[in-house]
Amino acid sequence: MKRRRTRDDELVCSFCGRSSDEVPMLPGPDGNICVDCVKRANELISVGDAVKKGGDEPPPLPPTPTPKEIKKFLDQYVIGHDEVKKVLAVAVHNHYRRLEATAAARKGKERKAAPAGYAGYDDVEIEKSNILLIGPTGCGKTLLAKTLAKMLGVPFAIGDATVLTQAGYVGEDVENLVRYLLQNADGDVALAQRGIIYVDEIDKIASKTDNVSITRDVGGEGVQQTLLKIVEGTICRIPPKGGRKHPDQEYIEVDTSNILFICGGAFVGLDRIVAARKGRGVVGFGAAERREAEAGAAEVNPQDVRPEDLVKYGLIPEFTGRLPVITTMKDLSEEDLVRVLTEPKNSLVKQYRKLLAMDGVSLEFEPAALRSLAKAALSRGTGARGLRAEMERLMTDIMYEAPGSDSMREVTVTAEMVENPSAAAKAAG
């Protein structure tokens, strides 16, 4: 295996993915490693030795990247949403700085490179800043959360709010989110307690009516009530082998105080609530039609959404109070989708080029073909997810014919092939 290099012939760390222009690199015959990962490995080895000797010291925290470094890393994988990335970068940086301060206080050590007067803030506790991402489907909410966890080297778990219920009812308990995180941390409790949990479709547990029901809302407001303590910080008792709890069972205790929760949802109709609060409501004849037209054309800016809007939508005030960082993502444009196809490190074009290169076939896309793919995906209304479906439809015949073919060594995808699948089949044949 050759050493992994970027397009500019710069070395890339095989562990954290950062390049040599971000951090000093140690090249090797089968891969590369940066000095930060070397330090991290040495620290883990030292902790492992301590555990073998009977110690219970948790593994040390990796160096916390600056907000600019976090955004730069996100730019490599996620296209657009610059303001959202800045908000996330600052929130994540502050969260893991908070963990550093907590660890330093626990050990009774002074903070390294502390600014003048820091000692006067020893008694100040920094609160956790969980994050709420609002955006349409396919805009990159889950990808942002995954990429953050990848950069920070912490375990990551995804949960779907639509399947969660209160404990004791059919469905998944809220504590299962913590169990998934613990599993992804290979059972390491200390590591799991620094991880990230992404709760998708959080808008689906909003109460859609103000009417009081005589039955328990176990999948809506009931889930919000159950999430409160876990999101804020509590001790979860997790069965070591999963499954339901019973009194005689042993448990693994996981403290969620330092777990970063990122919640995401489309919140369809939230723009109408924001517009009504800002006095943009329409009354009179034809008001309903005009409101619908304005709502379709209006865009909700991140600064426009307030906690009271979320309460009006159906989230309980206590839950919104535990998600202080709120940011809104917009629909991807046609130009954004073209960039998604080519620019990210794991872009679809690069993936298919790699697949065909394994069989000695080179793959090129004409600019018009990329734009046609973006237009087709845009018409699906599923954001960047539509690109995968369109690419699969386009590449099926090519991927079927190329492997093992002596005559097929170069493939150039044209706009005609995208718009007419039979043309792609003919070119592949």
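Good morning. I begin with R97, which counts as partly exposed at 30% relative accessibility; buried means under 20% relative accessible area, exposed over 50%, and partly exposed in between, with a 1.4 Å probe and protein chains only. This is a predicted model, in which local features need pLDDT of at least 70 and side-chain atom pairs count only at pLDDT 80 or more, while totals for chains, interfaces and linings use all residues. Residues are numbered from 1 along each chain as its sequence is written, and side-chain values use heavy atoms, with hydrogens and water left out.

R97 meets the side chain of E100 in a salt bridge of 2.6 Å, N to O; the term requires a side-chain nitrogen of Lys or Arg within 4 Å of a carboxyl oxygen of Asp or Glu. E100 is likewise partly exposed, at 21%. Helices (H or I, at least four residues) and strands (E, at least two) are DSSP runs numbered from the N terminus.

In helix α15 (residues 385-401), R388 and E392 are 4 residues apart, about one helical turn, and their side chains form a salt bridge at 3.6 Å, N to O. The whole structure holds 17 salt bridges.

I turn now to strand β10. Why is β10 (residues 260-265) largely enclosed by the rest of the structure? The reason is that 6 of its 6 residues are buried. Strand β3 (residues 131-134) pairs with β10 in the parallel sense over 4 bridges, pairing being defined by at least two DSSP bridges. L133 stands opposite G264 in β10. Strand β7 (residues 196-200) also runs parallel to β10, joined by 4 bridges, and V199 stands opposite C263.
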